[in-house]
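Dear colleague,

Please find below the structure that I am handing over to you, followed by an account of what was found in it. I would be grateful if you could read the two side by side.

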Amino acid sequence: MANLILILGDQLSHQLSAFEGADKDNDRVVMAEVHDEASYTNHHKKKLVYIFSAMRHFAGELAQQGWQVHYQRYHPDNREQSLEAVISKLAAEHNPEKLITTECGEWRLHSQISQWHERIGMAVEIRPDTRFVSHKQEFADWAEGRKQLRMEFFYREMRKKTGLLMTPEGKPEGGQWNFDSDNRKKWSGKPPAPAPFRIEPDSITREVVQLVEKHFPDHFGTTEDFHFAVTADQAQAALEHFIDFALPCFGDYQDALSDHEDWLFHSILSPYLNTGLLDPTDVCQAVVQAWYAGRAPLNAVEGFIRQIIGWREFVRGIYWLLMPGYAKENRLNNQRSLPWFYWTGETKMRCMHKAIDATARNAYAHHIQRLMVTGNFALLAGIHPEDICDWYLAVYIDAFDWVELPNTLGMVMHADGGYLGSKPYAASGKYIQRMSDHCQNCHYRVQDATGEKACPFNALYWHFIDRHRDDFANNPRMAMMYRNWDKQPDERRRAILSRGEWLLANLEEL
Ligand code: FAD
Ligand code: SF4
């Protein structure tokens, strides 16, 4: 045998750099469902089903194309419980020239694979991951020497690089780079949100569902009603479904929250983008074509591609620029543990209950639920960043360290000092009331900040503002908050702070 080609569970793309120049007759592709990767966190059951099933389908496609594939199926008694053990065994059996792999998406595994040439005693070639618009070094070069790293400026570079939504003269289509101010409507039920795209599980997926039920019974969430795509063709159909039914309203209701609808007008493409079933540039091109064809407005299309060539690329750049120290950042010195209701959804706070309940059922919650509900609460309550990062990494089908960590530690928790936002995304209940219909069904009263039934977000918000005065009072974007807070009568401030203290001491009761 010439080479081993290792393909990881989030590298399910036939265009992967590890395949370049490979020889179907002599090389052997290795894929493995191993205990260590399946259980380093409490992965949602649907996430495990999705990844194992997509891996099995991908291995089947490779075999059909004539590749020799060594595929290890999960069993708790497998002798090889880690990727290193699988590769070591194959290296001893076949004495390949080298192992070829594409760089992986998280520091933990990356640092292990980087040591394999010594630990296993064979040559290891790690190739760049070309599935992103920007390369790691390109981001590092862009970041070099800048006082502040702002997504918006990076995004403009990516627009120029890809030519997406650019005129032949090199100007942004519509005369603006960003149409975000049009994208903040509350959704009142009309127009109706489309049904999410569904694929009924085939025999491979059904077998994996049984496996996960049997061997991961204590993991978070449920396998019930699994309907995600598990092949590239199915993911392509999911993209077309999004363009046909949700894209036209994606922009308008991008920030909306609903008491009745889990998915709203979001694309639900992140699992496929993050595992290689869809290519980000192809997705953006298809969406931009929909605008040129008059099938979607510019605010929706620009808003969508900004998420992918802007935010998605930006967070990846930040991750690789700042790891491994980044994962340990805790600039606001938070020390509280994650309340148990993050795992059960049993809380009287309606917005939190709805977001966590959807997460448990679907392994999905949309961005505003993640940022402004469960994330905002963790920020206001001073939850330790490691606790809340572990939660986000476990519970979402699209969660991989490179994208989850900067979003949680940076964007939500502001624990990195502000790489993902020039001010924290802290908000009181008023924001949730403005963007949703949750509050009218809640045990708590959103208009109150004190009293037993006062919305917890309110007093926690002012407590956060007050206790972090040294961190934020000189931030021009926070100045108005401090002015508003300081002009409240002393007695009211004392009452709010005292309610805040009580809430912080009794998080589990909420
Ligand atoms: P849409 O709303 O339809 O957006 C389109 C696409 O844009 C997404 O599929 C995604 O690829 C990309 N995108 C949008 N926002 C972001 C962002 N902030 N960072 C990176 N990509 C983005 N996204 C993940 O893919 N994996 C994660 O583990 C993850 N963890 C998150 C944790 C927190 C605390 C927060 C606030 C956000 C997180 N996000 C994560 C970003 C975002 O919430 C999800 O990408 C999005 O909700 C996925 O659903 P969708 O495909 O319907 O997205
Ligand atoms: Fe959430 Fe407060 Fe509204 Fe209840 S009142 S839904 S806790 S914001």
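Strand β2 (residues 28-32) is largely enclosed by the rest of the structure, because four of its five residues are buried; please note that the model is a predicted one. Strand β1 (residues 3-6) runs parallel to β2 and is joined to it by three bridges. β2 also pairs with strand β3 (residues 68-72), again in the parallel sense, over five bridges. Arg-28 of β2 stands opposite Leu-4, and in β3 the bridge partner of Arg-28 is Gln-68.

The second topic is ligand 1. Domain 2 (136-194 + 246-311) and domain 3 (341-509) both contribute residues to the shell around ligand 1, which therefore lies between them. Of the 29 residues around the ligand, those that come nearest are His-266, Ser-267, Ile-268, Tyr-364 and Asn-407. By class, the shell comprises 16 nonpolar, nine polar and four charged residues.

A polar backbone atom of Leu-269 is 3.0 Å from an oxygen atom of the ligand. A nitrogen atom of ligand 1 lies 2.9 Å from a backbone N or O atom of Asp-398, and a polar side-chain atom of Asn-407 lies 2.8 Å from a nitrogen atom of the ligand. Taken alone, ligand 1 exposes 810 Å², of which the protein buries 99%. Two or more residues of the shell come from each of α10 (270-275), α12 (298-322), α15 (367-380) and α17 (401-412); the largest share, six residues, comes from α17.

With kind regards

Note on methods:
Residues numbered from 1 in each chain as written. Chains lettered and ligands numbered in written order. Predicted model: local features only at pLDDT ≥ 70, side-chain atom pairs only at ≥ 80, totals over all residues. Heavy atoms only, no water. Near = heavy atom within 4 Å. Polar contact = N/O pair within 3.5 Å; in protein donor to acceptor, adjacent residues only side chain to side chain. Areas by Shrake-Rupley, 256 points an atom, 1.4 Å probe, with all protein chains shown as cover. Nonpolar A, V, L, I, M, F, W, Y, C, P; charged D, E, K, R; others polar. Domains from an automatic or database assignment. Buried < 20%, exposed > 50% of the residue type's maximum accessible area, 1.4 Å probe, protein only. Pairing = 2+ DSSP bridges.
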